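Keep the viewer open as you read.

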Amino acid sequence: MTTTAIAIALVATACSPAGSGGSASSSCEEEYTIGFSHPASEASAVKVVKEAAVAHAKELGCVTVLLDNTSGMNLETQRSTLESWVTQKVDAIVVLPVDPAALENLREKAQGQGTKWLTYVAGNPEEDGTVGFDNQSAGEDMAAYLEQWIAEKHPEGDISAAVTTATPLPSIQPRVLPAIDLLEKAGIDVVSQQDCAAQDCGLQLAEDALRAHPDLRVFIGLNDDAALGALRAFQNAKIDLDETFIAGFDGAEEALVSLQDKTGYTASSAIPSVELGASVVDNALAAITGDGDAGKQTPMFLVTPADSDEIAELLKAYTTFGG
Amino acid sequence: MDLQLVILIIATVLLMGFFAAASPMFFTADNLLNIANQNASTFIVAAAAGMLLMAGYVDMSVGSVMALAGVCAAFVSIDYGTVAGIICAVLVGTLVGTLNGILIGQIGMSPIVVTLGVLAAARGLAQLLSPGSLYGLPEDLIGMGSGSFLGVPILVWIAGVICAIFWFVSARMPAGKHTLAVGANPRAAFLTGIPVKKFVMVLYIVVGVSVGIAAIMQVARLGSAPSGTLGLGFEVVVLTAVLLGGVPFTGGRGSVIGVLIGVWLIAVLGNGLTLLNVPTEISGIVTGVVLVLAAASSLSGFQRRRRRPRRVQLSARTAAVRVSK
């Protein structure tokens with residue numbers, strides 16, 4: 001897949017939901033305006049987060065959330081939107097920058113005039129706060145679950161594995177690195193390690209890997225989309241899905257439904273969209289008012305077919321916000 | 001045979017030879033069919049887009065139109081079944097192709113600007129219709145994407161038949177010569193009686209139909225229709241294959257066979273690198289180098305193009321002399 005596609009799909013990922021709701025001032029005495037810029041508006045998970053942020057702001061009653069329509073990781077469009085928000089002197093800007101360096105002077109200008117600058121997922125030492133989720137702990141949870149599965153199903157390590165990555169976005173890599181380390185320690189060959197975050201490349205990579213390595217039984221996608229493509233390849237190859245470990249990240253709707261219906265997906269490290277959307281507002285308010293944690297993270301958590309209640313709860317976000 | 005085509009074939013064979021030596025799995029019937037299956041939709045669209053470029057026109061909207069047609073087809077197939085879904089995909093492709101054809105062929109707007117506009121609009125529309133991924137498609141549609149007939153994947157059969165039609169039309173029918181004539185000199189083509197505007201419009205419709213077919217094939221293969229990523233970057237793959245296959249950006253030359261070999265070369269490259277599990281960074285470098293080397297085959301075309309104007313000038317002078325006599 002192209003780098004653009006990877007970036008888009010990953011950012012979609014990045015915008016998925018997560019965590020424990022807001023902290024900051026839910027009792028604001030003034031009216032605040034917050035701009036939320038995500039450069040992959042086309043991604044369904046991003047839409048859910050944006051809608052959740054707007055809904056949470058409405059709940060609070062004193063916050064207006066401005067959204068931008070940047071899509072396809074277009075830096076020019078994102079910058080134009082941010083410039084207009086800075087000119088407008090909004091109270092806070094939450095942004096997932098396409099290129100942090102290209103927005104540095106804008107950040108300085110914004111902060112110089114009193115606008116708080118929070119980054120989404122990507123960190124910046126000069127920021128006033130951050131909104132996001134912990135890819136590292138999500139990756140460790142996934143690796144721990146994989147370790148259990150290996151111990152139960154293939155303690156001899158007589159299988160091979162495939163993992164998808166995103167080399168252009170190093171901040172997202174901690175999702176899969178713990179699993180790669182674990183596989184190496186378990187003596188399981190990672191026979192395919194390629195960039196991919198979409199269904200079509202997941203399908204293609206799994207097909208290729210299965211032909212070269214018929215003992216392939218583990219496929220960990222950088223996100224659920226890649227893993228869902230792989231699931232299709234395993235189904236087409238008529239491999240017993242009880243003997244496979246096919247998992248990804250984000251809690252994409254299709255993956256959650258597969259877990260709910262027990263149609264072969266093994267696990268997803270999900271980000272609760274509603275909480276993540278709420279944290280966009282709450283963390284920004286915390287930065288503005290100085291009251292609360294402006295860097296509160298939304299935890300990702302692993303769901304398996306056994307977690308039917310959690311899955312139902314996660315799926316509710318898609319129903320409510322139309323992801 | 002065209003020297004450029006010969007060089008492209010040699011490059012492809014050498015590449016296949018390399019991968020066969022490097023991976024025992026590569027040169028097996030199973031893997032070769034796998035490559036063909038994975039790229040079945042690319043073959044179809046590239047053949048159509050190749051003919052369009054031979055006429056001197058380009059379509060940059062194919063990726064997003066694939067998403068739009070795929071999403072519409074998925075919606076319809078879930079409610080009304082596979083056949084309705086297939087018809088819907090072809091219909092959407094045809095409608096967009098007609099729109100492109102009218103704006104470019106009939107009205108004379110810029111092909112790149114119009115199709116880039118449609119690229120953006122079609123993706124937006126697809127995502128408006130379905131913000132997320134559409135799944136739960138009929139089993140027979142999914143079966144089309146994963147099934148096989150006589151040991152050959154169904155998608156490969158479909159691609160084979162459609163590409164054969166494209167080859168026949170381009171190589172054995174007057175339409176093929178008309179395409180090249182329009183690409184070489186639209187005014188001269190018009191003066192010889194070819195209805196250039198209508199012809200270009202028809203070519204865009206053909207591309208649209210082929211994208212519609214490719215869309216349903218891709219949706220069937222994936223078992224879902226992700227509006228955000230379906231066909232993303234597909235236009236670049238198609239254009240690369242067409243140019244690599246020996247069709248110049250200015251049109252007037254090329255063959256469907258060359259385009260199909262261009263698709264195959266890119267497909268083989270991707271498959272071989274995956275089988276060898278070449279790291280992404282190295283993979284990018286290797287892909288770039290191989291494509292540039294393969295594109296060196298167009299050198300022969302360049303030399304011929306340089307000579308051609310002199311011949312044209314000479315024949316024009318000869319004609320002028322004849323008239324003056």
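## How the two chains meet

Bear in mind that this is a predicted model. In it, 32 residues of chain A are in contact with 29 residues of chain B. Together the two chains bury about 2,700 Å², with 47% of that on carbon and sulfur atoms. Three residues stand out on the chain A side: Asp208(A), Arg211(A) and Arg232(A) supply 22% of the area that chain A buries against chain B, more than any other three residues.

Polar links show up too. The interface has 14 residue pairs in polar contact and 2 salt bridges. Arg211(A) turns up again here, as its side chain meets that of Asp30(B) in a salt bridge (3.5 Å, N to O).

## Which parts of chain A do the touching

Several elements of chain A each bring at least two residues to the side that touches chain B, among them helix H1 (3-14), helix H2 (44-60) and strand S7 (189-195). The largest share, 9 residues, comes from H7(A). By type, the residues on this side of chain A divide into 11 nonpolar, 11 polar and 10 charged.

## A threonine at the contact

Now hop over to Thr274(B), in helix H13 (residues 256-275) of chain B. Which residues does Thr274(B) touch, leaving aside those up to four places away in sequence? Leu205(A) and Asp208(A). Within chain B, the Thr274(B) side chain reaches the backbone oxygen of Gly270(B) at 2.8 Å. Thr274(B) has a relative accessible area of 11%, so it counts as buried.

## Aromatic pairs

Over all chains, the whole structure holds 8 aromatic pairs. One of them is Tyr145(A) with Phe245(A), a tilted pair at 5.8 Å centre to centre and 50° between the planes. The pair links helix H5 (residues 135-153) to strand S9 (residues 245-250) of chain A, with its members 100 residues apart. Phe245(A) is buried at 0% relative accessible area, whereas Tyr145(A) is partly exposed at 24%. Ring pairs also bring in Trp149(A), making a cluster with Tyr145(A) and Phe245(A).

In chain B, look at Tyr57(B) and Tyr204(B): their ring planes are at 80°, so this pair is edge-to-face, with the centres 6.3 Å apart. Tyr57(B) lies in the loop between helix H3 (40-54) and helix H4 (62-80), and Tyr204(B) in helix H11 (residues 196-222), 147 residues apart. Tyr204(B) is buried at 0%, and Tyr57(B) counts as buried at 19% relative accessibility.

Definitions and conventions:
Residues numbered from 1 in each chain as written. Chains lettered and ligands numbered in written order. Predicted model: local features only at pLDDT ≥ 70, side-chain atom pairs only at ≥ 80, totals over all residues. Heavy atoms only, no water. Helix = DSSP H or I, 4+ residues; strand = E, 2+ residues; numbered from the N terminus. Buried < 20%, exposed > 50% of the residue type's maximum accessible area, 1.4 Å probe, protein only. Polar contact = N/O pair within 3.5 Å; in protein donor to acceptor, adjacent residues only side chain to side chain. Contact = heavy atoms within 4.5 Å. Buried area = accessible area lost by both parts, 1.4 Å probe. Salt bridge = Lys/Arg side-chain N within 4 Å of Asp/Glu carboxyl O. Nonpolar A, V, L, I, M, F, W, Y, C, P; charged D, E, K, R; others polar. Phe/Tyr/Trp six-rings, centres within 6.5 Å; stacked < 30°, edge-to-face > 60°.
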